[in-house]
Amino acid sequence: MATTGIGMIGAGWMAGQHVEELSRRDDVEVRGVADVDAEAAGSLAGRCGARVHDGWEELLDAGGIDAVWVCTPPAAHVEVALAAFDRGIPVYLEKPIARGLAEGRLIADAAVRSGAVCAVGYQWHSLDLLAQVGELLAGRTVGLVLGRNLGPTQVRPWFVSRAAGGGNIFERASHHFDLVRLLAGGVEAVTVATSSVPLGGRPPGEGDIEDALCVVLHLCSGAMATVVVAWLRDGMPGSYGMEIVADGVSLTLELDPGFVLHGVLDGTPVRRVAAAPALRASIESFLAAVRAGDPALVVCTPADALRTLAVAAAAEAALASGATELVGDVTGDGSRDR
Ligand SMILES: NC(=O)c1ccc[n+]([C@@H]2O[C@H](COP(=O)([O-])OP(=O)(O)OC[C@H]3O[C@@H](n4cnc5c(N)ncnc54)[C@H](O)[C@@H]3O)[C@@H](O)[C@H]2O)c1
């Protein structure tokens, strides 16, 4: 198989995670890195023997790049993604699809129009365990989902600014919105509560985002889901997972670093272990889509991620208003989320 040449645009924390995962493979080569911060670009390029480019446009036009990873902050996704689509270059686009709905729509529309392969980096979406949850639930309606996302994270200037990054709603809770939509169907409306008690994650005086929040999702099925996020002090253990409850079924999906499904189905214990960690599975499915030239083979499409962004936007509105806010119709065709 021919080696797939990869360009990394944005050379921060998440790009480093991808490079670490890509370096395990012998069918890809990270050939170029671009970042507005030349030091960050040089440091990442040094880890993988790649060339540092003077800007992402130079990287896109360099030749030998079969796919790009867009790992810039969410507000800097749209311009890069559209330029890659224009050149017919497949894109692994980090989540959330964009900071705002208008940019998210531009990306989703341009991806369809160009026919380019584009996967959005909600990596948990690629776990094989999700299909198994679907099989275990067959014929039953999920009544309740609890999502937990408690743990430390990096201070990044755009992340600690609510205006720039959307805070923990966009950055962390949206991973769970994506899974709730997948496992329990569409979200009709959203309510949000926050805690004002510092938990030690956010350095004092740094930024304006919440340390902890609880999002209640009112689902189209009539069920409900909650997603709780807490930014803990460095060194504290993380706790990431979902509880999924239906009549006769109670399942726990443990997420990061171990991916395990356990629980009870009609009195019988269930325990399954993921075939591959989420990021590896997400990269694998994207590369398979790139090699087949088939945008439909990606696991989380831009259109899907746009619907998840609409849930995050409703949560942001609910946080501001203190009221329950309806999730907007991002498709523009009046259809409800699935
Ligand atoms: N999938 C996950 O679990 C996960 C986890 C963390 C972050 N992320 C996502 O990954 C993306 C990057 O997050 P991060 O934590 O790596 O942030 P980061 O701040 O560590 O890195 C972003 C990098 O992009 C660079 N950059 C900013 N604007 C640019 C531009 N216009 N062109 C080129 N480079 C530019 C910055 O200089 C920085 O080095 C975000 O979309 C974030 O939401 C995903």
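Strands β7 (residues 144-151) and β10 (residues 224-231) pair in the parallel sense over eight bridges. Pairing requires at least two DSSP bridges between two strands. Helices (H or I, at least four residues) and strands (E, at least two) are DSSP runs, numbered from the N terminus. The model is predicted: local features need pLDDT of at least 70, side-chain atom pairs count only at pLDDT 80 or more, and totals for chains, interfaces and linings use all residues. Residue numbers start from 1 along each chain as its sequence is written.

Within this pair, Leu-144 stands opposite Met-224 in β10. Helix α6 (residues 129-136) packs on the sheet and touches β11 (239-246), β12 (249-254), β13 (260-265) and β14. Its direction makes about 175° with that of β12. Helix α10 also packs on the sheet, touching β8 (187-195), β9 (212-219) and β15. The direction of α10 makes about 45° with that of β8. Contact means C-beta atoms, placed from the backbone, within 7 Å. Axes are lines fitted to C-alpha atoms, for helices over the stretch in contact, and angles run from 0 to 180 degrees between N-to-C directions.

The sheet is open and has nine strands. Their order is β14-β13-β12-β11-β7-β10-β9-β8-β15, with mixed pairing. Strands β14 (268-273) and β15 (325-326) stand at the edges, each with a single partner strand, so one side of each is left without a neighbour in the sheet.

Helix α5 (residues 101-114) has 14 residues and should span 20 Å at 1.5 Å a residue. The expected span is 1.5 Å times one less than the number of residues. The end C-alpha atoms of α5 are 20 Å apart, which agrees. Buried residues of α5 include Glu-103, Arg-105, Leu-106 and Ile-107. A residue is buried if 20 or more other C-beta atoms, placed from the backbone, lie within 10 Å of its own, exposed if 12 or fewer, and partly exposed in between. Their cover includes α4 (78-86), β6 (118-120) and α10 (302-321). Gly-115 follows α5, with a positive phi near 75°.

Arg-87 lies in the loop between α4 and β5 (91-93). Arg-87 is partly exposed, because 13 other C-beta atoms lie within 10 Å. Arg-87 and Asp-61 are 26 residues apart in sequence, and their C-alpha atoms are 8.4 Å apart in space.

The ligand is surrounded by 24 residues, each with its C-beta atom, placed from the backbone, within 6 Å. The closest are Gly-10, Gly-12, Trp-13, Met-14 and Glu-94. Helix α1 (residues 13-22) gives the most to this shell, with three residues.

Key: Two residues are in contact if their C-beta atoms, placed from the backbone, lie within 7 Å.
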